Protein chains: 2
Amino acid sequence: MKNILGREIPDFIEGYGKVTHYNGYLANKMGTIKKDFNFKSINPYDNKLYTDISKLMDVLPLKDGMTLSFHHHLRNGDYVLNFVMKEIAQRGYKNITIVASSIFPCHKPIVEYIEKGVITQIYAGYISGPVAQAISEGKLQKPAIMHTHGGRARLMETGEVKVDIAFVAAPTSDEYGNINGVEGKSACGALGYAHSDVENAHLVVAITDNLVSFPNPIIEINQTLIDYVLVVEAIGDPKGIVSGTTQITKNPIGLKVADLTAKFIEQSGYLKDGVSFQTGAGGISLAVAAEVKNLMKNKNIVGSFAAGGITGYIVDMYKEGLFKALFDVQCFDLEAIKSAKENPNHIKMSASMYANCNNKGAVVNKLDIVILGATEIDTAFNVNVTTGSDGIIMGGSGGHSDTAAGSKLCIIVSQLVNARISVLKEKITTITTPGETVDVLVTERGIAINPLREDLIEKFKNSNLPIRTIEELKEIAEKMTGKEKPIEFEEKIVAIVQYRDGSVVDVVKQIKK
Amino acid sequence: MKNILGREIPDFIEGYGKVTHYNGYLANKMGTIKKDFNFKSINPYDNKLYTDISKLMDVLPLKDGMTLSFHHHLRNGDYVLNFVMKEIAQRGYKNITIVASSIFPCHKPIVEYIEKGVITQIYAGYISGPVAQAISEGKLQKPAIMHTHGGRARLMETGEVKVDIAFVAAPTSDEYGNINGVEGKSACGALGYAHSDVENAHLVVAITDNLVSFPNPIIEINQTLIDYVLVVEAIGDPKGIVSGTTQITKNPIGLKVADLTAKFIEQSGYLKDGVSFQTGAGGISLAVAAEVKNLMKNKNIVGSFAAGGITGYIVDMYKEGLFKALFDVQCFDLEAIKSAKENPNHIKMSASMYANCNNKGAVVNKLDIVILGATEIDTAFNVNVTTGSDGIIMGGSGGHSDTAAGSKLCIIVSQLVNARISVLKEKITTITTPGETVDVLVTERGIAINPLREDLIEKFKNSNLPIRTIEELKEIAEKMTGKEKPIEFEEKIVAIVQYRDGSVVDVVKQIKK
């Protein structure tokens, strides 16, 4: 047959197959892509920009039972989850699944939507504040699914979670959806948790309070992944976006733990040229970083990289030449945000690159040393960072299980006894991170090495450090605290603790009133 | 049941579904991902690095009928396609499909594999030299599929082409597959065409001659997309990697065409603040760029971006502040490579971001002005850049059709008559780019505006420029050349010209000997 250009083209060509004939350069408006997702291709004359959330909602394919995703880079200053859900609740939609990388106290307004059945399911890597309380009280219809940071990327990449619409807070964007997090009044730094959303959701809305002219030259997430750009007055409260937690502990017990940890690291053999390092933003962890910094400087050790959520302390180590590069999934403070914008070797990575166990190699696989916290730990080195000692959800794995699994030396730092409560339990309330991935527990009363690490036990056989068995530490603690009363729960499962590979490592039950 | 940590977990949980129980942190070694691809997840203790191609070939899942992909950033200096195919041919595999973004004269060695049935199918956006000749002679078993640069990304993203193994030439890589093209002895600049391969192939091998320690901090393609890293002595010949074509024409007729083009652009109304611009690396196109540069400087015009394959001429315009940013899919010369490494606003983009019509908005959609060449053009403004006037394949669309479709003003620049051959034909040998996407033809004998652009015809009604109808230009040319003898072909279809949306715009037939 003749096509519209007058060319003779067969309908079928041997070795090629059935022919789709040319039918005008704008004829093919629909594409199929990864996981058979249908999406609307954007043509040269299409507009993505909206300045009125209500008008945007009118064009979105909203429906009961839909799955919506959000990222948590605006932390406890986030406005986006709240104002999007308010619009959707006002329109009467029900039975919605929220896939938020983390949920903070600022998200209190959504408790009402949980109670009313607007939101009936939640996926998150970390939940604290009123939403966590509501879940522990059994108010959410379906059990919350608490995954790891890497697990969230895996859930989306494998299609186990199919997101209908991703709402992406974007501190800076142009009208076509080229986004970064390092500029604008709501700058938050790296946007690592948003990558899975934009790459795997059916439809993606970028929401910005800093619209710049095309092209925004600093691009962390690009235009090919964004369907709509919504401009609003403010996406967050700068005071809540930057964490107030990035201070070295002043507590003398905490400093003692940090000192023992640094000495353990020094003697472990892992602190040498090329070493890679990760620590959280907690007070003891930062104190460890400060001591490791001095050790590296004194011994002229140059490491390869520091990774994870990045703080000003880690940026300082990079600036002093102690690390060749930083792998940054999220920024904890202003220094980190500034560095993420300015330092070429401050590499912004996706949560998948950071910690997904089902890709072709996450950064955690290359980690030598990670310093992590614990709410509770048992004698098998299983760690709880999901629930408090009252049994109520107050956190979650985040990158805890991911880095523990990937690193060569995973050290848990904690006060052994705090406010008459021991971190070491006969049975911990919830298992977040399996003990087989935890190597060492450092407390002010001594250091316990996991018996699985025979090499380390051998290495520290003659150490001057207070090496104890974990059972010995538990006994010491029990003498100080007495026998603790077990927490009582209802039968209802209110949360699933998913390991990074999607298997279930534990469940959380409803608290007794 | 009890899981291996001793926790009581039901096999099924209401609202969650069937439970996959925790079975050890390394238990889940297989992931499923986009398009149900199975791939091997990389664990902390897995090694990706090979230094012997033969040992790597032993572990690759090679088979008859497989599909292998390659990118063309090493241009006419590429060694990779040749040495990989040599290994595979030696092992006796047959019936292989090659998905190479472009094929150059340096790929002459694969003609032998085409003749022997080792390679029976080829996808490419551009083919020149001995392989093109062999295809035109009917030596390839199945018709070659000639797509656009954006079309190649689309073919892979939609799964229409499923690549078994992608071999990615990597001028710099670490042992985990963090890659860039801007460093190393075989530096080639941006790696835009390789992104579709690494994102969509079942298995990806990076091949480098510059292995650096982990982490390589300048990352264009990251470790999560790479299965193996192969280190070899040399991936290419630097003399062939950088094109020798990026020189402004010295031909007075070419300069006349460029001068008319610049004047047309000036009067068109498109040359104003925020203008975006693309031109190729041909001599006339570069002369147009030089004139546009002067116009912008004289009129204090600041553009938004220049895009495409980037040359030193375009880098100069950026450095002089005439563009806010560069969108770079490939670098044509050393100046461009240097800029791609050093300038933060020199943005490296994937071919999909550049030109795919089935994503959420390609850069070509934002193009105001593009300057393109032609081998032949007809009075409906259909353009051939696929075959020469002898009917033999000598090129292909590359970004031609993509930028023509996306841009607001697509100008074809060409000598009207060259060596007694007119560019304007009654019937062109092959249609590469449909005339409805072409706005203007500029020749030394006059300028023809596509009648579809009534706005432009109105605008230039009283212009002092030599505006002609395209029929008038054709008559002028015919008086100089006489009637040309039509080329004769065999019946066999040797190549399919695929439009950017996957529809077939034309076919190429076997030449008569």
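Phe264(A) sits in helix H8 of chain A, residues 252-268 (helices are DSSP runs of type H or I with at least four residues, strands are E runs of at least two, numbered from the N terminus). The model is predicted: local features need pLDDT of at least 70 and side-chain atom pairs pLDDT 80 or more, while totals for chains, interfaces and linings use all residues. Residues are numbered from 1 along each chain as its sequence is written, chains are lettered from A and ligands numbered from 1 in the order written, and side-chain values use heavy atoms, without hydrogens and water.

Two residues are listed below; buried means under 20% relative accessible area, exposed over 50%, and partly exposed in between (1.4 Å probe, protein chains only).

| Residue | Relative accessible area | State |
|---|---|---|
| Phe264(A) | 0% | buried |
| Asn178(B) | 0% | buried |

Contact means heavy atoms within 4.5 Å. Beyond four places in sequence, Phe264(A) touches residues including Leu409(A), Val440(A) and Phe460(A).

Asn178(B) lies in the loop between strands E11 (172-173) and E12 (179-180) of chain B. Among the residues that Asn178(B) touches, beyond four places in sequence, are Met353(A) and Phe214(B).

Chain B has an open sheet of nine strands, ordered E18-E17-E16-E15-E19-E22-E26-E27-E28, with mixed pairing (strands pair if DSSP finds at least two bridges between them). Strands E18 (346-348) and E28 (467-468) of chain B are at the edges with a single partner strand each, so one side of each has no neighbour in the sheet.
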